[in-house]
Amino acid sequence: MLEIKKLHKSYAIGDSSLHVLKGIDLSVAQGEMVAIMGSSGSGKSTLLNIIGMLDEADEGDYILDDVPIKNLTEKKAAIYRNKFLGFIFQSFNLINYKNALENVGLPLYYQGLKRKERQEKARFHLKKVGLLDWATHLPSELSGGQKQRVAIARALASDPKLLLADEPTGALDTTTSYDIMAFLQQLNDEGKTILIVTHEEDIAAMCKRIVRLRDGVIMEDKKVTQVRAETHV
Amino acid sequence: MIKFLFDRDTWQEVYDSMSKNKLRTGITMVGVWWGILLLIALLGAARGMENSFNRAFGDFATNSVFVWGQSTSKPFKGFQEGRRVSLKLSHAKKIEDNVEGIEFVVPRNRNQALVVRNFLSGSYSVNGDFPLLDKVQKKKLLKGRFINQNDIDANKKVAVISEDIYKQLFEKDELAIGQYIQMNSINFTIIGVSQTENANMGPSSDIHIPFTTFQQIYNQGDTIGWLMITGKPEYSIKQIEEDAKLLLRNLNKIHPEDKRAFGSFNLGKEFAKITGFLTGMQFLTWFVGISTLIAGVFAIGNILLITVKERTKEIGVRRALGATPFEIKRQIVVEAVFLTLIAGLLGIISGGWILIAIDQAWGQGDDATLVNASVSITVVFIALLILVVLGTLIGLIPAFKATSIKPIEALREE
């Protein structure tokens, strides 16, 4: 469902330019759970941003669900992001003056859904992450794990084809991290395609496939036996 | 777009983001509110001042000039200089016939007289007047009537006294009409009591008697004290003054360039000075008001810019979740317009209160300094409209800035 061919990306730093991605080839099928690993500066975040249509590649092809992603206007990119992708961030990025339910409903708002329908859907997803009782709480009243669950519910709200997680457990302690990973695995079991950027080996081991990046090229791409997070909890 | 404006969610968003930042919202609103308030208060006060000037001149035909005789300053046609010049009744007729643009020419006479009623007496100005005076200097009569042609023709011994004289010579609520007062040992019947014309100029001690009666009792012959000349509105009163004086010099065999032979007071010219002053003041008011408004608009823009800066991350998140740049811009602009509108309306309301306060403090009574201080509602709404339009435009700057940042950069910012 995701096809990347000969992807290049450079950033201008002053007069010189930094070649971050040097020809990435990656193909992800429906229902996979892929960990993208690499030290900082390896280009993993840049790759995720390009896959997330938050950034654009200089060269190469990117096809998502048979749709070529190229030369998008901001508007089109926004619509595709809304339709295809769900984002999970390291720092949660919930809107702090909106309660959990409103945060989950935000992508649906931009889809143009009616208020009632939106709240119903948001409630459904909030229930799925087990936080329906916290619907009217502001992010500041939630724990880190709860915040990330709300963020996952928000990412799921628009029923995206692909979940993109950028260090989803980076700001959480181990127990909560495994808890979140268990939930992501559960989602994957239900058929969601998930891409996780991480630099933690134990988190990567909980995926079905590990892609290692170094200096802008893929060093290693191997399928692994998934470690179930539940066993650690 | 219409649907957007009536959508509850739109306003929920506006409410959320404003109530979350109460201080910021408050400061912005104060900026706009103050601008509108100042504009209304200034415009209202200026209008009040204008009104009070207009009231002072109100009953007077302002396009008027007064002319009286003095002494010549140049010898002419065998006459020595220093000759006394006096105006004659016939001159009035000549001026009316020969000078272009004349509306009325009113000859008047005045003398000081001791007026006695029973045991009370006072010294007042006695004026010999024609009914025409009423046209030039509107007489508001509290009781009775003004002098009419019949009084003139029959040299009637009748008098119109001013309100102040009535108060001095009569008891409170005493009937004045038909009563007698004595001037120069002659009894006059009171036919009217006139209202004091201009309270700003102090109490009036004028008595009006028929012109012909005045001629008779003071043995004036054809001589008149002074002329009140009123020009038609479309003619320049200055030109009329020149023409009338030139004609008078001719009739009296005075040197054409003798400036001192006739004295004059040009009310039109004085009035124009005040009108000019008022125009200047109005301009200043507008200038200050509009400057304040612009300052207010910049305050909005500035605050919005800070807002956007503060909310870079939030905007990034929203865009990652699928908000189009247009939706982001629309949200910011709606916030800007809403803030401006609410603050502007509050400004209009409190500006109205200030005008009420001004009216209470300085607008009461006959000698009010600021009469009916008010602003036209059209002007107010145009000001508000300008404010909203400028607020929108200025709101667009941060809005564009917000969407020009790539979502990824916005998200990276910690």
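**View 1. Contacts within chain B of the predicted model.** In this predicted model, among the contacts in chain B that link residues at least 6 apart in sequence, 80% join residues at least 24 apart. The secondary structure of chain B amounts to 14 helices and 12 strands, and of the 414 residues in chain B, 37% are buried.

**View 2. Ser185(B) in a loop of chain B.** Ser185(B) is found in the loop that lies between strand β7, residues 180-183, and strand β8, residues 186-194, of chain B. Although Ser185(B) is not a glycine, its phi is positive, at about 60°. Ser185(B) counts as exposed because it has 8 C-beta neighbours inside 10 Å, and a residue is called exposed if 12 or fewer other C-beta atoms lie within that distance.

**View 3. Asp215(A) in a loop of chain A.** The loop between β9 (209-214) and β10 (217-223) of chain A is the place of Asp215(A). Phi of Asp215(A) is near 50°, which is a positive value in a residue other than glycine. Asp215(A) has 14 C-beta neighbours inside 10 Å and therefore counts as partly exposed, since this class takes in the counts between the exposed limit of 12 or fewer and the buried limit of 20 or more.

**View 4. The open sheet of chain A.** Six strands of chain A form an open sheet with mixed pairing, and their order is β6-β7-β8-β3-β9-β10. At the edges of this sheet are β6 (85-88) and β10 of chain A, each of which pairs on one side only. Neighbouring strands of the sheet are turned against each other by 15° on average, with direction ignored.

**View 5. The pairing of β7 and β8 in chain A.** Within chain A, strand β7, residues 162-166, and strand β8, residues 193-197, pair in the parallel sense over five bridges. One of the residue pairs to look for here is Leu163(A) with Ile194(A), its bridge partner in β8(A).

**View 6. Where chain A touches chain B.** In this view, 20 residues of chain A are in contact with 19 residues of chain B. On the side of chain A that touches chain B, the elements that give two or more residues are α2 (74-84) and α3 (100-111) of chain A, and α2(A) gives the most, with six residues.

Key. Residues are numbered from 1 along each chain as its sequence is written. Chains are lettered from A and ligands numbered from 1 in the order in which they are written. This is a predicted model: local features need pLDDT of at least 70, side-chain atom pairs count only at pLDDT 80 or more; totals for chains, interfaces and linings use all residues. Helices (H or I, at least four residues) and strands (E, at least two) are DSSP runs, numbered from the N terminus. Two strands pair if DSSP finds at least two bridges between them. Axes are lines fitted to C-alpha atoms, for helices over the stretch in contact, and angles run from 0 to 180 degrees between N-to-C directions. Two residues are in contact if their C-beta atoms, placed from the backbone, lie within 7 Å.
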